[in-house]
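Please keep the sequence and the 3D view at hand while reading.

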Amino acid sequence: MGSLEIIVAGAGPAGAVAARTLAAAGVRVTLIDKAEFPRNKPCGGGVSVRALRRFPWLTDAIAGIDVHHVSTLQLQGPDAAVMEMASPDPSIILIRRVEFDHALVRAAQAAGATLCERFETTHVGVDDTGVTLRARDGRQLRAPIVIAADGVHSVIAKRTGVNAAWPKRAIAIDMMEETPVETLRPTRPDVLWVSYGYRGLDGYAYIFPKAHHVNVGIGCLLSHYERSVDGHPYAMQSQFVSDLLVDGALHGTSDRRHFTPFLIPVGGPLPRTHHPSGRVLFAGDAGGFVNAFTAEGIYYAMISGELAAGAVAASQLSPSAGRAFDRSWRSEIGAELRDAVLIQRFLFADHTRMNRVVRAGRALPWLRELIVDYAAGRISYSQARRRVLAASPKTAAKLAWLMVRRQLAG
Ligand SMILES: Cc1cc2nc3c(=O)[nH]c(=O)nc-3n(C[C@H](O)[C@H](O)[C@H](O)COP(=O)(O)OP(=O)(O)OC[C@H]3O[C@@H](n4cnc5c(N)ncnc54)[C@H](O)[C@@H]3O)c2cc1C
């Protein structure tokens with residue numbers, strides 16, 4: 001495609017996969033990041049195994065890093081009842097982002113992408129022929145199209161007016177530590193534990209066991225945090241760790257040096273994930289590609305990065321890429337991301353609803369199997385959705401009603 005070059009801004013999972021995809025399609029691509037790799041990203045590091053099916057190259061790309069495979073998931077409801085889902089094969093892998101992201105960047109470089117580190121974008125200009133990015137140190141880069149994968153605080157989304165700020169109800173604050181097991185260790189390193197409404201919390205909590213670390217986190221909508229929580233995020237998280245030590249789920253002590261509160265977009269993708277010019281496409285957190293219910297973002301970052309890159313390559317680097325990207329992500333992940341927002345709002349509005357879900361899961365082996373099969377990628381979201389709705393016409397009616405209400409609310 002001639003001498004034209006594409007810029008991918010942000011080298012997290014969205015950006016690294018976008019750069020890898022473009023390079024593999026023969027497009028010249030520069031992957032910029034404000035950081036130097038390896039760099040950390042506050043994250044639980046849980047990736048559903050379906051990512052390994054969706055990206056067949058991923059297994060080789062992460063072969064050199066610590067990957068902990070987990071086959072047992074526990075979902076705890078607000079009334080402390082637990083639904084346990086075990087499968088013969090792993091359904092989740094747990095990685096450390098400091099290693100995982102570096103491995104993805106190396107995969108992009110191996111495919112031919114050029115990495116440009118310490119390029120912190122501060123200014124963005126879009127005109128009729130392209131996009132100019134200026135870094136804090138004065139360096140400038142220009143390209144006909146930019147894929148913006150610069151995370152939840154996307155400077156590019158702000159500077160281009162595509163997303164001046166997330167609405168408070170579309171953002172969660174996740175307070176988490178990733179601590180070596182010598183200091184803090186899970187009682188059951190073979191189990192991934194997630195709880196909704198733990199000890200009355202309006203949000204979620206989790207213990208993710210890694211190969212040599214444990215991630216312990218607690219999260220809620222930022223609007224709820226600002227309204228109802230006094231004090232520093234670490235005070236809330238360390239209280240949570242103390243409760244888990246008393247409950248016997250953890251041993252050891254919390255270590256504030258490994259504590260990193262960070263934001264997650266949980267309101268679903270932006271209404272339009274490209275700039276009106278068609279020259280800037282937003283992937284990953286920058287575009288809101290996170291499951292609003294599970295807060296899973298790595299998988300969707302990788303998919304949106306790949307689809308954005310695919311649209312750019314297929315459009316011969318023309319502005320029609322913007323609309324093509326919109327169509328492709330809506331077709332592959334639009335339904336699950338939309339439903340996740342509805343499910344989050346429905347279940348978080350009333351703790352008894354989540355209790356009913358956990359009770360249903362305990363009573364229905366097929367439902368537990370379905371969740372694990374979906375996480376492992378053995379069935380697609382649309383197959384899982386069809387089976388749940390066929391088994392429960394009441395749930396189908398409720399979902400339809402929520403969709404209508406959301407539509408009416410604009
Ligand atoms: C505490 C916490 C726990 C989470 N746990 C999980 C989990 O267990 N599983 C899961 O799937 N998801 C989880 N998520 C969500 C997940 O971390 C994100 O959805 C995912 O990292 C998004 O990837 P990304 O590539 O879009 O952005 P990021 O990973 O944030 O990468 C963005 C990149 O852009 C760079 N950048 C930012 N600004 C600039 C700039 N101005 N100029 C140049 N470069 C810039 C950054 O340095 C970074 O490298 C969690 C999130 C949080 C906060």
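How many bridges join strand β13 to β17? In this predicted model, strand β13 (residues 171-180) and β17 run antiparallel and are joined by nine bridges, with Thr179 standing opposite Val214 of β17. Strand β16 (residues 204-209) also pairs with β17 in the antiparallel sense, over six bridges, and here Phe208 has Asn215 as its bridge partner in β17. A hairpin of three residues links β16 to β17. Strand β17 (residues 213-221) is largely enclosed by the rest of the structure, because eight of its nine residues are buried.

The ligand is surrounded by 36 residues, of which Asp33, Gly44, Gly46, Arg97 and Asp285 are the closest.

| Residue (backbone N or O) | Ligand atom | Distance |
|---|---|---|
| Ala14 | oxygen | 3.0 Å |
| Lys34 | nitrogen | 3.0 Å |
| Gly44 | nitrogen | 2.8 Å |

Taken alone, the ligand exposes 1,000 Å², and the protein buries 94% of that area. Two or more residues of the shell come from each of α1 (13-24), β16, β19 (262-265) and α8 (298-314), and the largest share, three residues, is that of β19. By residue class, the shell around the ligand divides into 17 nonpolar, nine polar and ten charged residues, and at least three of its residues come from each of domain 1 (5-45 + 96-165 + 267-335) and domain 2 (168-265).

Note on methods:
Residues are numbered from 1 along each chain as its sequence is written. This is a predicted model: local features need pLDDT of at least 70, side-chain atom pairs count only at pLDDT 80 or more; totals for chains, interfaces and linings use all residues. Side-chain values use heavy atoms; hydrogens and water are left out. Buried means under 20% relative accessible area, exposed over 50%, partly exposed in between (1.4 Å probe, protein chains only). Helices (H or I, at least four residues) and strands (E, at least two) are DSSP runs, numbered from the N terminus. Two strands pair if DSSP finds at least two bridges between them. A residue is near a molecule or strand if one of its heavy atoms lies within 4 Å of it. A polar contact is a pair of N or O atoms within 3.5 Å; within protein, one must be able to donate a hydrogen and the other to accept it, and residues adjacent in sequence count only if both atoms are side-chain atoms. Accessible areas come from the Shrake-Rupley method with a 1.4 Å probe; for residues, only the protein chains shown count as cover. Ala, Val, Leu, Ile, Met, Phe, Trp, Tyr, Cys and Pro count as nonpolar, Asp, Glu, Lys and Arg as charged, and the others, Gly among them, as polar. Domain bounds come from an automatic or database domain assignment.
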